[in-house]
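Here is a short report on the fold of one chain. Read it beside the sequence and the model.

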Amino acid sequence: MLSKTIEAALNKQIRIEAESSQAYLAMAVWAEVKGLEGISNFMYDQSDEEREHMLKLVKFVNERGGHAHISELNAPNVTFNSFKEMFEKLLAHEIFVSESINELVHISLQEKDYASHNFLQWYVAEQIEEEAVARTILDKVNMIGDDKGGLYLFDRDIQQLTVSSAADTPAE
Ligand SMILES: [Fe+2]
Ligand SMILES: [Fe+2]
């Protein structure tokens with residue numbers, strides 16, 4: 001059985017994952033409208049992943065005798081000055097999510113809730129991966145600068161990045 005404290009903290013994370021999914025969906029749409037098909041597909045995939053993160057938490061809360069709370073969401077950013085700015089926002093958001101997961105792990109230990117602590121380790125590992133992917137992308141984006149040819153190749157190659165990072169994650 002979940003304590004009220006951990007249930008509230010998990011529900012807060014459900015909202016954060018849902019907001020992440022919406023934020024990345026907005027990025028996918030923005031990139032698609034700009035004609036950046038590869039970047040757009042990458043962000044649609046990221047959005048789907050965030051929804052899975054949310055659902056995993058929903059199921060866990062309900063399985064442990066809690067009640068997953070499906071809340072209203074803050075509206076995401078829908079326009080960006082550049083794709084560089086978009087990816088800076090992506091990395092900043094992943095760092096914010098990692099901090100939130102860390103806080104959740106801390107609460108689970110305070111509550112002596114070792115089942116939740118164990119469950120949350122998946123998110124700890126996932127955040128290492130997500131931050132690493134976002135940093136790799138931003139490094140490449142910084143290398144490209146204003147070079148249109150570079151952007152064309154990057155838009156094509158980002159698909160490979162999706163594939164390789166998905167291959168690193170063991171199947172569930
Ligand atoms: Fe997530
Ligand atoms: Fe994420």
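## Fold and helix packing

The chain of this predicted model holds five helices and zero strands. Helices (H or I, at least four residues) and strands (E, at least two) are DSSP runs, numbered from the N terminus. From the N terminus on, the order is α-α-α-α-α.

The overall dimensions come next.

| Property of the chain | Value |
|---|---|
| Box of C-alpha atoms along the principal axes | roughly 55 × 30 × 25 Å |
| Residues counted as buried | 46% of 172 residues |
| Contacts joining residues at least 24 apart, among those at least 6 apart in sequence | 80% |

Buried means under 20% relative accessible area with a 1.4 Å probe, protein chains only. A contact has heavy atoms within 4.5 Å.

How do H3 and H4 cross? The axes of H3 (residues 83-110) and H4 (residues 114-144) come within 9 Å and cross at roughly 160°. H3 and H4 are therefore roughly antiparallel (angles over 145 degrees between N-to-C directions). The contact of H3 with H4 involves 18 nonpolar, seven polar and six charged residues. Asp, Glu, Lys and Arg count as charged; Ala, Val, Leu, Ile, Met, Phe, Trp, Tyr, Cys and Pro as nonpolar; the others as polar.

Residues are numbered from 1 along each chain as written, and chains are lettered from A and ligands numbered from 1 in written order. Local features need pLDDT of at least 70, side-chain atom pairs count only at pLDDT 80 or more, and totals for chains, interfaces and linings use all residues, while side-chain values use heavy atoms, without hydrogens and water.

Note on methods. Axes fitted to C-alpha atoms, helices over the stretch in contact; angles between N-to-C directions. Parallel < 35°, antiparallel > 145°, perpendicular 65-115°, else oblique. Buried < 20%, exposed > 50% of the residue type's maximum accessible area, 1.4 Å probe, protein only.
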